[in-house]
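This report describes one protein model in terms of geometry and contacts. The sequence and structure come first.

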Amino acid sequence: MAKGKSWLRTLIDLLEVLFNSLQQSKRGRTWHQHVVPYEDGWAVRREGNKRVTSKHRKQSTAIRKAKSLARKYKADVIIHRATGGIRERISYDDRTI
């Protein structure tokens with residue numbers, strides 16, 4: 001019987017760890033979209049990602065794509081200059097502060 005209790009306790013502990021990690025990942029993950037210079041054009045990259053979401057020849061096209069994604073995920077668009085500095089930030093987050 002003691003073995004059954006330890007198995008159940010282990011299962012409960014595992015579920016608690018899984019639940020807690022899911023809650024933390026929801027808070028830590030953002031969907032902010034960055035429009036960044038990339039090779040000979042521009043790219044859209046989600047904040048925290050190394051890979052680009054999409055590549056574009058023109059900055060305006062990349063901005064349009066980033067805005068579309070930001071609206072979908074209620075996030076921000078951060079537009080960078082060709083030198084890498086931030087030019088503009090547009091928020092599609094409808095939460096009130």
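The text below covers a helix, the nonpolar core and an aromatic pair.

The model is predicted, so local features need pLDDT of at least 70 and side-chain atom pairs count only at pLDDT 80 or more, while totals for chains, interfaces and linings use all residues. Residues are numbered from 1 along each chain as its sequence is written, and side-chain values use heavy atoms, with hydrogens and water left out.

Helices (H or I, at least four residues) and strands (E, at least two) are DSSP runs numbered from the N terminus. Helix H2 comprises the 15 residues 59-73.

Buried means under 20% relative accessible area, exposed over 50%, and partly exposed in between (1.4 Å probe, protein chains only). The buried residues in H2 are Gln 59, Ala 62, Ile 63, Ala 66, Leu 69 and Ala 70. They lie on the same side of H2 because they cover an arc of only 130° around the axis, taken from the directions from the helix axis to the C-beta atoms. Arg 64 and Lys 72, on the other side of H2, are exposed. The cover over the buried residues of H2 includes strands S1 (33-38), S2 (41-46), S3 (54-56), S4 (76-80) and S5 (86-91). Lys 74, which follows H2, has a positive phi near 50°.

A nonpolar core is a set of buried Ala, Val, Leu, Ile, Met, Phe, Trp, Tyr and Cys residues joined through side-chain atoms within 4.5 Å. The largest one has 12 residues, among them Val 35, Trp 42, Val 44 and Ile 90. S2, H2 and S4 each supply at least two residues of this core, and H2 gives the largest share, 5 residues. Beyond its neighbours within four places in sequence, Val 44 is in contact (heavy atoms within 4.5 Å) with residues including Val 52, His 56, Ala 62, Ala 66 and Leu 69.

The whole structure holds 1 aromatic pair. The rings of Trp 31 and Tyr 73 have centres 4.1 Å apart and planes at 10°, so the pair is stacked; pairing needs centres within 6.5 Å, and planes under 30 degrees apart count as stacked, over 60 as edge-to-face and the rest as tilted, with the six-membered ring used for Trp. Trp 31 is in the loop between helix H1 (2-28) and S1, 42 residues from Tyr 73 in H2.

Relative accessible areas of three residues follow.

| Residue | Relative accessible area | Class |
|---|---|---|
| Trp 31 | 30% | partly exposed |
| Tyr 73 | 31% | partly exposed |
| Glu 39 | 71% | exposed |

Note on methods
Expected span 1.5 Å × (residues − 1).
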